[in-house]
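Welcome! Here is a friendly walk through a protein chain, from the overall picture down to a few of its parts.

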Amino acid sequence: MAANYSASNGQNQRWSQYAWIVAGILFATLIRFPIQPLMRDAAPFLFYFPVVVGTAIVFGRKFGLLATALSILPANYFWMPPENAFEMNLSDVWHIFDFSFAGFSVSWLSGTVRRRKQLEEHLRATLASVEDAIVTIDCCGRIVYFNAISRMLTEVHGNEAIGRKVNRTLNLLAENGEPSLNGTFQRALAGDDLENLPRRVIIVSKSGKRYRAEQKTSQILDAKGRKLGLAIMFRRLGCDNGESSAPAVIAREGPPNAMPLKSPPLAPLDMAVIGPCQSPVEAEDIEAHKFNERGIRVAAPQNSVLTGKRFAVRKSGQVVPHCVRWHQSLGAGAIWVMVTGVSTTIRCRVNDPHGFMTRKDMRQVIYCTWHNRLALSMKLHSILGHRHFQTAGLAGLVSASRDGAFLSAILKRFGVQSVRGSTSRRGPQALRELVTMIERGYDIAITPDGPKGPCYAVQDGVLALAQVTGLPVVPVSYHLDRKIQLKSWDRFQIPMPFSPCEITIGRVMQVPRKSSQVERESIRREFEMEMLAITRDQ
């Protein structure tokens, strides 16, 4: 059943791509008709070349070649003498050859670029999923790659680390605490002897925390055997600051010698808080998260609900997120351009009466803003993210519906990880995935009244997540002087360029992990009142 579903879905997508190619060629032909008396026989392929370029960029190499071949037919019939006939002379043959060569070159180049992007994305996803700190340096000792675990252990932001000397970024000590090992990798670059590098080191973060780690270094060689740099991996063994080294267990227990993940440690999932799985398939997906010998969860299979990719409906009634289609990706790109352009003109002023921006006792948080204020949510995060602690990034809870797929495509343009689910679809599973993102060091963003409302009514999901993880919840809202307010259920607000914006940060709240249902409902009402207090529509 899954194979039939995937095959039919892929076939429908191919037919839609063919239809768009034909529609583009017809549109180019119709545009040429009004100006044909002015152009006559000149440049018969002028309006078809943009169709070929667009098709090759959006759909890939094979579809670009197909658009090139199909464009030759109307160009020869309508615009090459004699008109309204499939005849050609020697000059027409040269025109067709030039157009075919240009179309082939563009299609081949776009296919190569798409393939490289896919490989780079696969490499980034692979390195980001590794539970160890990975640092790569070039022959000059400058950092080329700095993954999320490295940023968490050193408290150094990725943009700050890339391009800097490794001895200025990593503060390493020997296992006994002395002496400093900052010049170790510089000496390893000069020679080929990596065996003398210490196996056990202590990583000292910016704030002075010390983490015991096992270090392993390998050379990076090209196809000809030339040294390009070093790949350094740190496997965290524990913390020397008196913190608990017990692993954060999610959904099931790992082995006794499991390696600790990240601080602060998370409590085991309370099934009474999250609720049962939606179906036997989701229970099967949770069971698929096995633990390896180090206590780290192994990723679920590719057809799992946890992967967030396109997958089949394996049982009747199973709710799966809608995948992002190609036209949604195009629309997401256009909205990204518009939002980025408008956001640069917005003048923001931050109102922080409770001192959230100056607090140093919170590393990861859960941001909450109303659904109708999503337009400037990335602007909010760019301002609020510049705190004392740099996290691995931002992850947002997005609906599993078709609209949610479109929103996830937009958030991907801004570098936000999407977790698909809501109170009505995949709620328990989405909550587990959010806990996993918190384990990896991400901040979380949630619209407490989404995805269907009612408007300005806080749902229970954000408080359940705060109770399970122990993270503080930060209410955030803003007021625009000039905006367009839609007549949707949430009265969505579209900011106007150059509009003044006042950002208000409410009182940070936390949900005790041992709260009862009655206590959590009381906290929910209190949090809703806090959100309403910082919200101003007029």
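## The chain as a whole

Of the contacts in the chain with a separation of 6 or more, what percentage comes from residues 24 or more positions apart? Such residues account for 65% of those contacts. Please keep in mind as you read that this is a predicted model.

The chain has 16 helices and 15 strands. It holds 538 residues, and buried residues make up 46% of them.

## A hairpin

Let us begin with a pair of strands. Strand S1 covers residues 133-138, and strand S2 covers residues 143-146. The two run antiparallel and are joined by three bridges. In one example of this pairing, valine 135 has phenylalanine 146 of S2 as its bridge partner.

Together S1 and S2 form a hairpin, with four residues between them. Glycine 141 sits in the turn and has a positive phi of about 85°. Is S1 mostly covered or mostly open? Strand S1 is mostly covered, with five of its six residues buried.

## The seven-strand sheet

Next comes an open sheet of seven strands with mixed pairing. Its order is S7-S15-S12-S8-S11-S9-S10. Strand S7 (347-351) and strand S10 (417-420) stand at the edges; each has a single partner strand, so one side of each is left without a neighbour in the sheet. From one strand to the next, the twist averages 25°.

Within this order, take a look at S9 and S11. Strand S9 (residues 393-398) and strand S11 (residues 442-446) run parallel, with four bridges joining them. Alanine 395 has isoleucine 444 of S11 as its bridge partner. As a general point, strands of a sheet pair through backbone hydrogen bonds, either parallel or antiparallel.

Which strands does helix H15 lie across? Helix H15 (residues 461-469) lies across strand S8 (366-368), S11 and strand S12 (473-480), and runs at about 165° to S8. H15 is mostly covered, as eight of its nine residues are buried. Among the buried ones are Val462, Leu463, Gln467 and Thr469. After H15 comes glycine 470, with a positive phi near 75°.

H15 also meets another helix, H14 (residues 427-439). Their axes come within 11 Å and cross at roughly 45°, which makes H14 oblique to H15. The crossing is right-handed. On the H14 side, the contact involves Leu431, Leu434, Val435 and Ile438; on the H15 side, Gly461, Ala464, Leu465, Val468 and Thr469. By class, this contact of H14 with H15 has seven nonpolar residues, two polar and no charged.

## Where H11 meets H13

Helix H11 (residues 326-345) and helix H13 (residues 402-413) have axes that come within 8 Å and cross at roughly 50°. H11 is therefore oblique to H13, and their crossing is right-handed.

Which residues make this contact? H11 brings Gln328, Ser329, Gly331, Ala332, Gly333, Ile335 and Trp336, while H13 brings Arg402, Ala405, Phe406, Ala409, Ile410 and Arg413. Sorted by class, the contact of H11 with H13 has seven nonpolar, four polar and two charged residues.

Definitions and conventions. Residues are numbered from 1 along each chain as its sequence is written. This is a predicted model: local features need pLDDT of at least 70, side-chain atom pairs count only at pLDDT 80 or more; totals for chains, interfaces and linings use all residues. Side-chain values use heavy atoms; hydrogens and water are left out. Buried means under 20% relative accessible area, exposed over 50%, partly exposed in between (1.4 Å probe, protein chains only). Two strands pair if DSSP finds at least two bridges between them. Axes are lines fitted to C-alpha atoms, for helices over the stretch in contact, and angles run from 0 to 180 degrees between N-to-C directions. Angles under 35 degrees count as roughly parallel, over 145 as roughly antiparallel, 65 to 115 as roughly perpendicular and the rest as oblique. A crossing is left-handed if the near helix is turned anticlockwise from the far one by less than a right angle, and right-handed if clockwise. Contact means heavy atoms within 4.5 Å. Ala, Val, Leu, Ile, Met, Phe, Trp, Tyr, Cys and Pro count as nonpolar, Asp, Glu, Lys and Arg as charged, and the others, Gly among them, as polar.
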